[in-house]
Amino acid sequence: MSEAETMAGKLKSAVWDDNPGLVQLLGLCPLLAVTTSFVNGLGLGIATLLVLTASNFLVSATRRWIKDEIRIPMYVLIIASLVTCIELIFLAWFPSLGRSLGIFIPLIVTNCAIVARAEIFASRNPVGASVIDGLAMGAGFMLLLCAIGAFRELVGQGSILAGLDLLIGGDRLPGLVLVDGGFLLAILPPGAFISLALFVAGKNALDQRRKKASRGQSIRRFG
Amino acid sequence: MNSGAANTHDAPAIWKSGLILAVMAAVCTGLVAVTYHQTAPRIAANERAYLEQSLQPALAGISYDSNVADSAFTIPDPHELPGNEPVTVYRAFQSGEPVAALFVVTAPDGFSGPIRLLVGVAADGTVSGVRVLQHKETPGLGEFIDQSRSDWILQFAGTSLRDPAPAMWAIRRDAGAFDQLTGASVTPRAVVKAVKETLLYFEANRDSVFSTENPGTSDTHE
């Protein structure tokens with residue numbers, strides 16, 4: 001398998017079949033708390049992607065010295081330092097987004113998706129593969145954050161892409177306002193759980209339908 | 001791990017693990033230290049710019065020539081201002097004459113926690129502007145106090161303890177002079193009360209507010 005194929009396969013698995021949020025249900029604290037808008041989801045998604053990739057890189061690069069009995073403190077050290085760096089970088093270059101995400105950047109430390117990738121993958125695979133794994137898993141998580149953020153923003157506030165200025169700078173942007181006001185529940189905490197449940201259910205339904213379709217096809221082929 | 005199950009009772013192995021951890025801790029601390037040094041000036045500049053920018057709305061219509069962000073002093077608790085934490089006050093001067101004071105106060109009785117407010121008072125006791133700095137009010141309900149949600153907070157500009165009269169410093173539902181938006185009354189009640197208390201404090205302590213020496217440290221109110 002070529003490098004590109006590995007990457008594509010990894011990405012597909014991370015985004016769909018093995019999505020850290022949607023399938024493994026990891027990192028739900030930031031997932032549920034931050035996704036009140038697309039931009040917040042994207043911001044935290046990028047931060048998580050960076051931390052996950054860098055942490056996979058460091059864990060993999062030092063895996064020769066990471067012994068079994070000290071591996072958890074090692075992961076904590078690596079991840080906590082990386083998150084601190086990312087937070088400082090956000091505050092220095094994207095101050096308004098840093099303020100808008102607030103405590104949820106430091107809380108990336110507690111995102112168990114990151115420890116999970118360090119333990120399951122990076123600590124037993126070479127650096128290159130680990131970085132690809134981090135990028136793919138991070139992308140899967142980020143896409144889910146964006147999707148749920150967009151969904152909740154659309155239903156809850158009737159807009160999409162509001163506050164894009166937090167990411168790209170410039171004046172305050174209202175985003176595309178489709179409807180004035182919306183179904184408030186979606187941006188309240190219960191809306192987060194309901195939205196995630198809808199996404200998980202939707203994914204399972206699609207998978208099932210696809211499975212049924214492929215089974216139907218094979219039956220026809222053999223029948 | 002690839003080292004397999006190490007003998008945890010082996011004393012040298014423990015020392016080795018400890019050493020590895022110590023080295024790793026040093027490396028990670030170094031990484032954070034380097035990042036901190038690279039970003040610190042930018043972060044300080046950002047915070048300062050943010051402070052100046054967030055003080056601006058409370059100075060609407062005031063002309064001043066002093067450095068407001070560096071004029072802070074702190075009133076320690078207890079005080080007669082809203083909230084029970086120290087209050088930061090910024091002062092604005094025009095050719096040495098005091099023109100406005102900005103109070104960072106906390107309305108303790110918001111619907112879901114304290115509401116941090118910036119209350120600007122012109123030297124004559126008129127409100128120059130009020131802004132919500134931080135709140136945890138319900139999205140879609142109490143949230144309207146935030147200027148990014150509605151213009152509600154703008155109605156304070158130009159008010160004073162003479163207009164409306166002190167008894168009228170309440171929301172309409174309580175037979176006062178201030179509009180409220182449907183759905184929430186706890187939130188605007190808390191804000192109106194906090195602004196009123198700030199004005200009362202200013203009236204009673206006007207001179208000391210402007211004459212207190214600035215300790216030289218500009219602390220941000222974040």
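B:A175 is exposed, with 9 other C-beta atoms within 10 Å (exposed is 12 or fewer such neighbours, buried is 20 or more, partly exposed is in between, and C-beta atoms are placed from the backbone). B:A175 sits in the loop between strand 5 and helix 2 of chain B, and its phi is near 65°, a positive value in a residue other than glycine. This is a predicted model, in which local features need pLDDT of at least 70 and side-chain atom pairs count only at pLDDT 80 or more, while totals for chains, interfaces and linings use all residues. Residues are numbered from 1 along each chain as its sequence is written, with chains lettered from A and ligands numbered from 1 in the order in which they are written. Helices (H or I, at least four residues) and strands (E, at least two) are DSSP runs, numbered from the N terminus.

- Most residues other than glycine have a negative phi, and most peptide bonds are trans.
- You'll find B:S95 in the loop between strand 2 and strand 3 of chain B, and B:S95 counts as exposed because 8 C-beta neighbours lie inside 10 Å.
- A cis peptide bond, with omega about 0°, links B:D163 to B:P164.
- B:P164 belongs to the loop between strand 5 and helix 2 of chain B.
- B:L154 is found in the loop between strand 5 (127-134) and helix 2 (186-211) of chain B.
- With 14 C-beta neighbours inside 10 Å, B:L154 counts as partly exposed.
- B:L154 and B:A58 are 96 residues apart along the chain, and their C-alpha atoms are separated by 10 Å.

**The sheet of chain B**

- Five strands of chain B make an open sheet in the order 1-2-3-4-5, with antiparallel pairing (two strands pair if DSSP finds at least two bridges between them).
- Strand 1 (73-75) and strand 5 of chain B stand at the edges with a single partner strand each, so one side of each has no neighbour in the sheet.
- On average, neighbouring strands of this sheet are turned by 25° against each other, direction ignored.
- Strand 2 (residues 87-94) and strand 3 (residues 97-107) of chain B run antiparallel and are joined by seven bridges.
- Across that pairing, B:F93 stands opposite B:P98 in strand 3 of chain B.
- Six bridges hold strand 4 and strand 5 of chain B in an antiparallel pair, where B:G120 stands opposite B:G129 in strand 5.
- Strand 5 of chain B is mostly covered, as six of its eight residues are buried.
- Helix 2 of chain B lies across strand 2, strand 3, strand 4 (115-122) and strand 5 of chain B, running at about 140° to strand 3.

- Two packed helices are described by the angle between their axes and the distance between the axes.
- Axes are lines fitted to C-alpha atoms, for helices over the stretch in contact, and angles run from 0 to 180 degrees between N-to-C directions.
- Helix 3 (residues 38-61) and helix 7 (residues 127-157) of chain A pack at about 165°, with their axes 8 Å apart.
- Helix 3 and helix 7 of chain A are therefore roughly antiparallel (angles over 145 degrees count as roughly antiparallel, under 35 as roughly parallel, 65 to 115 as roughly perpendicular and the rest as oblique).
- Helix 3 of chain A passes helix 7 of chain A in a right-handed crossing (a crossing is right-handed if the near helix is turned clockwise from the far one by less than a right angle, left-handed if anticlockwise).
- The contact of helix 3 with helix 7 of chain A has 19 nonpolar, eleven polar and two charged residues (Ala, Val, Leu, Ile, Met, Phe, Trp, Tyr, Cys and Pro count as nonpolar, Asp, Glu, Lys and Arg as charged, and the others, Gly among them, as polar).
- The axes of helix 3 and helix 6 (residues 112-120) of chain A come within 10 Å and cross at roughly 30°, so helix 3 and helix 6 of chain A are roughly parallel.

**Where the chains meet**

- 23 residues of chain A are in contact with 22 residues of chain B (contact puts two C-beta atoms, placed from the backbone, within 7 Å).
- Helix 4 (residues 71-93) of chain A gives the most to the side of chain A that touches chain B, with twelve residues.
- By class, that side of chain A has 16 nonpolar, three polar and four charged residues.
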